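Subject: Structure handover, pockets and aromatic pairs

Hello,

Here is the structure for you to open alongside this email.

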Amino acid sequence: MAMPMRRTLLTLHRATQSNLKNAEASLDVLHPIPLLLPVRTKKRYFIPPAVGLKGKSEENPEAKARAAGIVFRQQYLERPINIACTAGIFDPYIPPEGDARLSTLSKEGLKQRTEQIRQSAASQLAIRKIKEHDSEFKTKDFAERAQEIFIEAHNALTQFNKEKLHSLVTERCYPEMTRGNRYKTIRWRFVESLEPPRVVHARCPDMVTKGNLYGQVTVRMHSKQTLAIYDRFGRLMLGSEEHSKDVLEYLVIERHLINPYGRWRLHGKIVPSWAPAKDPIIKTVIIPGPELKPGQEFDALNYEVPKPVAVQWYK
């Protein structure tokens, strides 16, 4: 009894399978092929820290990225180095207050005299070292030569001659002289020299390596000059072209001694602490005028300049 039942079930199963195959063939139904994709269970990518975690314990992002297999790019804080000139003035000269010599009987005068002796001894050693590399260097002739460099550099500045100015001033002094002069007109003139210029200070520092020597010579110059600066609208901002002023300056002239083609150039100025303050700049402002109708003329005599409204500022 069991065998006939089994036979009948097998025949029914075969019949249903054949019917299904015939139906799929008639409908052109295709079963998709199973696609197998490899999936990683462990996260190997770096997740940036969430926003708004102020006050919570934050993990070190570099350590977390290193654990995830990502290496942070190292940041190099590099600054460009220019070996044609130094970055500043080494051991700057400190002018005596009022540019006068105090009495050696007083305590301040004795201190000033000892400081001058110490500075002059160091200057003599520096001058001797400068003469080893520049055989034409002489303190008597160099002061007049430095004054000529100063005059030529300021004439090139007023004419905006960049090529000549670069040959007369160092790379440190150039941006200080040209900063803010783009839309201005400068009128400068050297009238006369009130006192002959003289060398008051000299240093011979080295930079980067021990034998890379630079010569820095400070020259005292007392002269009469005129200066006038106009803005882009042609209005006077500072100084005057007619009235001259007595100017006492301490110029620093520098040269790269190791370079055989190096030349003495203006490196900077030393402004003493007791020097008087500069004159204020006259600024140009716009006064608002009335709104005129077409065909209406402006009467300056009957117009009153409006006063600004007082505004209360809160912190």
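**The largest pocket**

Lining the largest pocket are 39 residues, and those that lie nearest its centre are Leu 227, Val 247, Glu 249, Lys 269 and Lys 278. Please keep in mind that this is a predicted model. The volume of the largest pocket is about 1700 Å³.

Several elements contribute to that lining. At least two residues each come from the helices α4 (139–158) and α6 (173–178) and from the strands β1 (185–203), β2 (214–230), β3 (236–256) and β4 (265–269). β3 gives the largest share, with 11 residues. By residue type, the lining of the largest pocket has 21 nonpolar, nine polar and nine charged residues.

**The cavity**

How many cavities of 30 Å³ or more does a search of the whole structure find? The search finds one. The largest cavity has a volume of about 40 Å³. Its lining consists of Ile 89, Phe 90, Asp 91, Pro 92, Tyr 93, His 201, Arg 203, Gln 216, Val 217, Thr 218, Val 252 and Ile 270. The lining of the largest cavity divides into seven nonpolar, three polar and two charged residues.

**Aromatic pairs**

For the rings, two values are used: a pair is described by the distance of the centres and the angle of the planes. The count of aromatic pairs comes to six.

One of them is formed by Phe 142 and Trp 264. Their ring centres are 4.9 Å apart and their planes stand at 70 degrees; an angle over 60 counts as edge-to-face, so this pair is edge-to-face. The pair links distant parts of the chain, with Phe 142 in helix α4 and Trp 264 in the loop between β3 and β4, 122 residues apart. Phe 142 and Trp 264 are both buried. Together with Phe 137, Phe 142 and Trp 264 form one aromatic cluster.

Another pair is Trp 188 and Phe 190, with 6.5 Å from centre to centre and 40 degrees between the planes, which makes the pair tilted. Trp 188 has a relative accessible area of 12%; buried means under 20%, so Trp 188 is buried.

Regards

Key:
Residues are numbered from 1 along each chain as its sequence is written. This is a predicted model: local features need pLDDT of at least 70, side-chain atom pairs count only at pLDDT 80 or more; totals for chains, interfaces and linings use all residues. Side-chain values use heavy atoms; hydrogens and water are left out. On a 1 Å grid over the protein atoms alone, a cavity is a set of points where a 1.4 Å probe fits but cannot get out, and a pocket is an open set with protein on both sides within 12 Å along at least five of seven lines; lining residues have an atom within 4 Å of a point. Grid points are joined across faces, edges and corners, and a volume is the space filled by probe spheres set on the points. Helices (H or I, at least four residues) and strands (E, at least two) are DSSP runs, numbered from the N terminus. Ala, Val, Leu, Ile, Met, Phe, Trp, Tyr, Cys and Pro count as nonpolar, Asp, Glu, Lys and Arg as charged, and the others, Gly among them, as polar. Rings of Phe, Tyr and Trp (its six-membered ring) pair if their centres lie within 6.5 Å; planes under 30 degrees apart count as stacked, over 60 as edge-to-face and the rest as tilted. Buried means under 20% relative accessible area, exposed over 50%, partly exposed in between (1.4 Å probe, protein chains only).
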